[in-house]
Every structure is written in structure tokens, then in C-alpha cells.
Amino acid sequence: MKIPHSAKKGFTLIETMVALTVVLVAVVGPISLIGNSLRNIYFARDKMVAINLAQEGIEVVRQKRDSNLLAGAIWDSGLNTGSYVVDAPSLSLTTADTKIYQDTDGFYRQGVGFTTVTQFLRGITITDAGLEEKKVTSTVTWNTGNDTGTITAIEFLFNMPAL
């Protein structure tokens, strides 16, 4: 029995190229989805940290106001119009470093004396919003890969009358 030349077993170059293309499409799609998902996960993680850092900035100013009231001092003593950074445990006026550092315990800190710089920057601005009112704006910016994010928290603080 004779086998015709065209019925020989094996792949032609075109069949191989088509098979490689199908495999490539089946593999590259999911891999690119995984890459984008990882980038989005890291950005979301950093966004959550930024939200908490912005809220912390507001809380520090509120704590300063409350401490003034408890001490019987003027409610907005030390909360003058200007730009601030959180230099724990107090709020200190500065035009210098807005970088946020991470200490050896993994806590985020702002101020001098820390060596591990993070991708976060935080600035707190206090402005007069009325006779007995201050507007506090806490803004955190960061970079995750090539994506830049900004979170801004705003709160109005009032003088609370003594009971």
C-alpha cells in the first residue's frame, strides 16, 4: 500500500504558527489581567493608608483644640492660620518637610529623626472660616508606580462653649 505524500504525519509551518498564536492569546490575556490587578491592589492599599493619614491630620488638630478647652485656654491657641505638619505628639508649624516616614516599628511618622522615607506627603492647612470657626484641610499625596493619588479631608472646628 502506498501512502500519498500529502498524508504524511507532522505539522506544517503554518499549523505551528496558528497553534502558537492561539496559545499566546490564551496566556497573554490572563497575565496582563493579573498585572493590572496587582497594580490596582497596591494602589488601593496605598489609598487606604493615605485616607488614614489624612484623617490623622484632622484628628491631631481636633485634639489640640480639645486640649486647649480642657486646660481653660483660648480654644484656638496654637491653631493660627498657616501650613502645618504633624510632629507627634504636637502640631508644629513648619514650611519644611512634608514627607512621611516609617519608624522601626512600622508606624507612619512625620517630622525629623526618622530614616525610612515613604511615598506619602502630608500637609495640613488651617484657615479662618468665621469668628469662632477654623477650616482644617489635610491633604495626602502619594505615588504608586506611575499612578499619583491625592486624598483631601476637610473639617470645620468650632469653639465649644464651657459647660
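This is a predicted model: local features need pLDDT of at least 70, side-chain atom pairs count only at pLDDT 80 or more; totals for chains, interfaces and linings use all residues.

User: Is Arg122 buried or exposed?

Analyst: Arg122 counts as buried because its relative accessibility is 3%, under the 20% cut-off. Glu56 is partly exposed, with a relative accessible area of 32%.

User: How many salt bridges are there by this rule?

Analyst: The count comes to 9. Another one joins the side chains of Glu59 and Arg62, at 2.7 Å from N to O. Both residues lie in helix α1, 3 residues apart, which is about one turn of the helix.

User: What about Asp76, which side chain does it meet in a salt bridge?

Analyst: That would be Lys134, at 3.7 Å from N to O. This pair links distant parts of the chain: Asp76 is in the loop between α1 and β1, while Lys134 is in strand β6, 58 residues away. Lys134 is buried, with a relative accessible area of 7%.

User: Switching topic, what do β3 and β4 form?

Analyst: They form a hairpin with 5 residues between them, and Gly106 in the turn has a positive phi of about 90 degrees. The two strands run antiparallel and are joined by 3 bridges. Ile100 has Gln110 in β4 as its bridge partner. β3 also runs antiparallel to β5, again with 3 bridges, and Lys99 has Leu121 as its partner there.

User: Where is Asp103 placed?

Analyst: Asp103 is in the loop between β3 and β4. A polar atom of the Asp103 side chain lies 2.8 Å from the backbone nitrogen of Phe107. Leaving aside neighbours within four places in sequence, Asp103 is in contact with Arg109 and Phe114. Asp103 is buried, at 14% relative accessible area.

User: Last one: which residues make the nonpolar surface patch?

Analyst: Ile34, Leu38, Ile41 and Tyr42 make a patch of about 400 Å². Tyr42 lies in helix α1 and counts as partly exposed, at 43% relative accessibility.

Terms used. Residues are numbered from 1 along each chain as its sequence is written. Side-chain values use heavy atoms; hydrogens and water are left out. Patches are made of residues with over 30% relative accessible area and no salt bridge: like charges are joined within 9 Å, nonpolar side chains (Val, Leu, Ile, Met, Phe, Trp, Tyr) within 5 Å. Accessible areas come from the Shrake-Rupley method with a 1.4 Å probe; for residues, only the protein chains shown count as cover. A salt bridge is a side-chain nitrogen of Lys or Arg within 4 Å of a carboxyl oxygen of Asp or Glu. Helices (H or I, at least four residues) and strands (E, at least two) are DSSP runs, numbered from the N terminus. Buried means under 20% relative accessible area, exposed over 50%, partly exposed in between (1.4 Å probe, protein chains only). Two strands pair if DSSP finds at least two bridges between them. A polar contact is a pair of N or O atoms within 3.5 Å; within protein, one must be able to donate a hydrogen and the other to accept it, and residues adjacent in sequence count only if both atoms are side-chain atoms. Contact means heavy atoms within 4.5 Å.
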